[in-house]
Amino acid sequence: MTTTATQGSRGGPESRAPRGHASPGAALAVLPHVLRTALAWTDAHRAEFALPDDVLDPRTQVNATLKPLGELAQLCSTVRAATAPGTPEHEVAGDLVTYAWEQVAQGALLLELLRAEPFAAYPYEIYAAFAGYGLRHEGFEALARPLTATRAWAHTEQHANRQLGLINSERRVGVLTHTDAGAVLSRTWLGGLAEPWTFEGPSGYALTHTVFHLTDWGRMPDRVPEKTDAYLRTWLPAWADGCLESGQWDLTGELLAVGASLPGPPPLELLDAVWPVLADVQHATGCVPETGVPVQDPYPFIDCYHSTLVTAFAAALSLRSLRSSRSLTDGSGPSRERHTP
């Protein structure tokens, strides 16, 4: 999926707003319901995230077992950080992180994975999602500490945005990062300010995760460099428009999360134009399909769990950003909080 830029009066590309009229306040009108129902669906299907008894068997598919559970922990921990204590969304998100921690036996299962694959990144990254939330396992960190200090760990060959994920995981665990994040960012599609018309599915997911790793999943927007911020604000509307046109709902949600992770005021026109569309796509049960024409029948778990989690994640970040911006402009509260602990 590639978006097409329109031509400006000088013959150069210029951004265009997502299809449809962006009514001021349209995002705030739908976001509470979108967040609440997406979390309710996730909570009702928590058993689907349970790890199988043979999860440590080398033949077990990581992408169908540990990956969904790690995503549950990561995205729900961010939802909890972005929502107000005492609200139902805050409590449900926290319960889901606790459930995920129980599934990995309070970190003991991740220690076994690390012993079996000491230089694989995924056990460390899953653990870091919990560590960033305050859940720790002494044995895991005792083994990981010398491993992450080796030359082999520092020189594992990875795509640049994946390396940023490892750097962010190291920050969360609290160890010295193996390389400079800025140097790695410059090697990414986003950091290189790639021609915007080359945006497609793979580059889209690469750029969203570059932002997530850079900002610690929306917690630290100030880590986004000024030129990257300007580039994203210019082109997110066109890319979101392309995703809406082609029914890429999962990627649409990730782009909305990126927009809500930028420093300074939120991109109001983007959020107001796109969130009502995604709200209409959301199933009555709260789930959101990854792609395609929405249907009334229930979706299989594997076809909607990630996009539903992403929708909840993006909705929580968008609500935080919009409410903080509104309190700033009407003088009813402090300036936008850049770092959510």
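Analyst: Rings of Phe, Tyr and Trp, the last by its six-membered ring, count as a pair if their centres lie within 6.5 Å. In this predicted model, a search of the whole structure finds 15 aromatic pairs.

User: Why is the pair of Trp-41 and Phe-301 called stacked?

Analyst: The ring centres of Trp-41 and Phe-301 are 6.0 Å apart, and their planes meet at 15°. Planes under 30 degrees apart count as stacked, and therefore the pair of Trp-41 and Phe-301 is stacked.

User: What makes this a link between distant parts of the chain?

Analyst: Trp-41 belongs to helix H1 (residues 26-44), whereas Phe-301 sits in the loop between helix H13 (268-281) and helix H14 (305-329), and the two are 260 residues apart. Both Trp-41 and Phe-301 are buried.

User: Why is the pair of Phe-49 and Phe-301 called edge-to-face?

Analyst: The centres of the Phe-49 and Phe-301 rings are 5.0 Å apart with their planes at 85°. Planes over 60 degrees apart count as edge-to-face, so that is the name for the pair of Phe-49 and Phe-301.

User: Which parts does the pair of Phe-49 and Phe-301 tie together?

Analyst: Phe-49 lies in the loop between H1 and helix H2 (66-82) and Phe-301 in the loop between H13 and H14, so the pair ties together parts that are 252 residues apart in sequence. Phe-49 is buried, as is Phe-301. Trp-41, Phe-49 and Phe-301 form one aromatic cluster together with Tyr-305.

Key:
Residues numbered from 1 in each chain as written. Predicted model: local features only at pLDDT ≥ 70, side-chain atom pairs only at ≥ 80, totals over all residues. Heavy atoms only, no water. Helix = DSSP H or I, 4+ residues; strand = E, 2+ residues; numbered from the N terminus. Buried < 20%, exposed > 50% of the residue type's maximum accessible area, 1.4 Å probe, protein only.
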